[in-house]
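Here is a friendly walk through one protein chain, from its overall make-up down to a single side chain. Please keep the structure open as you read.

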Amino acid sequence: TTGGAPVVKKCIIRSGGVGVPGVNVYDGGLGLYDSNDSKDNGGHGFCVSGQGSAPVMSGNVSEGNGGDGFCVSDQAKGVFTANTSKGNTGAGMRSKEAGDPHFVANVTTDGLGDGIASSGGGKGLFENNTCASNAGAGVRLQGVGTAPVIKAGRCFANANGGVFADDSAGGTLSDVEVYDNEVGGCVTERQGNPTLEGCTLYNNRGPGLWCREGGDGVLERNMVRDNAEWQVRCCSMSNPMLRSNSITLTDGGGAANAGGLLVDDDGGCLAVENAFTGFALRPAVLTQTKGAPRLELNTVTGCGLEASPGDRGGGSGAIVCSEGGAGVFDGNRVSDCAGCGIEVSTNATPTFSNNDVGGCGGHGLHVHDGGLGSFDGNEFASNKRDGAMISTSANPSLTENTFQSNGESGVNVVDGGLGSIVSNDISENVVAGVSVETG
């Protein structure tokens, strides 16, 4: 249709020609399309394009077509409700080139491409849709100016991630369930910069959020849990923003050995007011290989592993900086962890300021094996072992910290440990304020 407004119901539509759509609405086309079956066409099942085009499509099935299930482009609009896209070669639902559709309660499944795809400045409102078992991503965002809004719905069992954003694409996802996807829950690359708000990312085969190759993003007020490997990974020049998320491990399933936040390979992030809980076999936070995040006002609770009998190391750390990792940690609270609160080793150079580390089953701070770092204005109190242990050629700077009421020494320097210990308040520790030994 071009400029027309037909009512098309309960038709079986097969065009067959290469690249030919089943239904083509363009150049101001309107109309109502209800309960039709557009199947095995050479192009898109339903194609809407051109300024002024705004059909209403509901209850249709687009299956086995050579293009997308539903494609909206070139400033076209339209309302698409309770349709099904299945087994199409392209995307299930697509907006591109300033297409601005409204998709509500649709299902896209078993496609050879992505579930929802928005590219080349595509926009649109996608509400309560289901994207499942597609060979691409559940949601794919690509290109400058791309900025759809995706609300509620589910995204699961897709082969190339739940959400994949790259090439400077934006977009906002809110209250979406993203789970059981291969690769990861949300993957960003090459300045992809989506915003996820109030979403749940869980049980994915890779990280819940994986920012790589310069990918960014804003993750705010989400639940990120029980994903394989890491809940969040930031690497290779990525720099997302994480605020007020719950980042946790809640069960023993396939994610039993997963960690919280990994920042490595020149990655970064700004993490503010997040809650990390439940990590044991891997750290709640790990920086390594020039990873350099900034963490402010986060809480880390109930993480780490306790030391085995006779292990002076105090167990695994809840926050770990190793292998040249860095980062700035300011105003965080680490409490009730089974092992050490903070562990620094192997040429890591973090800066810790104004943090509160208490009630841990190991040392509050353990710097060892050549670890470095600056520790200023922190409080290490009521930890089961030392407030701080420095060992094996570690050489940190400890200035104006408080070491109080720890189960062994306030500061314990052993096995060739070094360090600068200046203007600290060290009191009420059980064994000694400062211990220095070689054994």
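For counting charges, Lys and Arg are positive and Asp and Glu negative, while His and the chain ends are not counted; each charge is placed at NZ of Lys, CZ of Arg, CG of Asp or CD of Glu. On that basis the chain carries 26 positive and 48 negative side chains, and the centres of the two sets are 10 Å apart.

This is a predicted model, in which local features need pLDDT of at least 70, side-chain atom pairs count only at pLDDT 80 or more, and totals for chains, interfaces and linings use all residues. Residues are numbered from 1 along each chain as its sequence is written, and side-chain values use heavy atoms, leaving out hydrogens and water.

Some values for the chain as a whole:

| Property | Value |
|---|---|
| C-alpha span along principal axes | about 90 × 35 × 30 Å |
| Accessible surface (Shrake-Rupley, 1.4 Å probe) | about 15200 Å² |
| Carbon and sulfur part of that surface | 49% |

Now to one residue, H366. With a relative accessible area of 7%, H366 is buried (under 20%; exposed is over 50%, partly exposed in between, with a 1.4 Å probe and protein chains only). Leaving aside residues up to four places away in sequence, H366 touches G313, C340, I342, E343, V344, M389 and S391, a contact being heavy atoms within 4.5 Å. From C-alpha to C-alpha, H366 and D100 are 55 Å apart in space and 266 residues apart in sequence.
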